[in-house]
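Please look through the sequence and the model below, and then follow the questions and answers on strands and aromatic rings.

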Amino acid sequence: MAVVAVAALALGACGSLGESPAAVVNGERITTSSLLDEVETIRSNEELRQRNEADFGLGLAGASSGTFDARFLSQVLQLRIYFELIEQELDELGVTISDEDLADARRAVLERAGADGIDLESFPSAYLDRIVRQEALINAIGPALVGADEEAFFEENLDSFTERCISHIFVSFDQRAPDDARARVDELQAQLEMGVAYEVVASEQSDDQAAAAEGGSLGCGLAGRFIPQFEEAANELDEGEVSQPVETPLGFHIIRMDEVREPTFEESREAVARQLQSRIGPAIQEFLIRATTESDVEVNPRFGEWVVDDSQGPAFGRVRPPAGPTTTTVPVADPFESAP
């Protein structure tokens, strides 16, 4: 099993260590010392170690005393690379992490850790600062990718917040052969054209008994609640307009658009927030696919290699751990203070 040893050496090791980064991401270095500091901090705390072992699904320790499992180390480095790519993207988008953002992130991180029984405030300041900044980066990248202006999003997507009240007269394929169903819906359409009230036909002759009890009404709701053929035909109708017979896999429908309710932004504020939130996860995944496959990433061979892996779904850049044992040293004198 590939392992990375953490040995207690003299301070003289510090200079050579800094010359060999763990990774370089579009020209930005992730230092070996900061990476090893992070995993040593995790290993030094029982609760944090157990939490990370559960999250990654593998142990931190290597086969011999004072070593790390290189698979774990490669996962930590991989996350560091992802966060570096997020930081670079935010810079490109002109988004800065403010002191207020960091304060909010710190509160969230400490609350979560406290709920898990972990006192992060007792940890080295460089480690806590790093995970707080990572929290702030995650909080910032989603809105930056999908757009944080809720009112502008509402205006651009007004149709998705507009309620439509719809009725139908239904002729079911379950109850009739296709030719009989076609003849039946033509007969009902003819009755409407002769002036028979829509509600009368819907109440007395529709095969949808639940809607018939409501004069054919299917109620009011947002777009997307009906099967595609029905939805497409309904969306083409103006308020009060009745369609020609519409065929779907279920049968024939004569659709009426009873009312179109276009809301104000204030009425839709919560729905807008939910829609924006629902887009954040897919947007981050799409960004990471693009960034990790298109960016210039170099990984120090002692920690593995950077590969584009699509074996578990969409292609992501990943750190593949080294195939054999490797040794890396760190100084004993407070390495956290020098970590970038």
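Two strands pair if DSSP finds at least two bridges between them, and strands (E, at least two residues) are DSSP runs, as are helices (H or I, at least four), numbered from the N terminus. This is a predicted model, in which local features need pLDDT of at least 70, side-chain atom pairs count only at pLDDT 80 or more, and totals for chains, interfaces and linings use all residues. Residues are numbered from 1 along each chain as its sequence is written, and side-chain values use heavy atoms, with hydrogens and water left out.

Q: In the open sheet of three strands with antiparallel pairing, what is the order of the strands?
A: The edge strands, each pairing on one side only, are S4 (28-30) and S10 (297-299). The order of this open, antiparallel sheet is therefore, by the pairing rule of at least two bridges, the one listed as S4-S3-S10.

Q: Is Phe-161 buried or exposed?
A: Buried means under 20% relative accessible area, exposed over 50%, and partly exposed in between (1.4 Å probe, protein chains only). Because its relative accessibility is 4%, Phe-161 counts as buried.

Q: How many aromatic pairs does a search of the whole structure find?
A: Rings of Phe, Tyr and Trp (its six-membered ring) pair if their centres lie within 6.5 Å, and planes under 30 degrees apart count as stacked, over 60 as edge-to-face and the rest as tilted. Across the whole structure, the number of aromatic pairs found is six.
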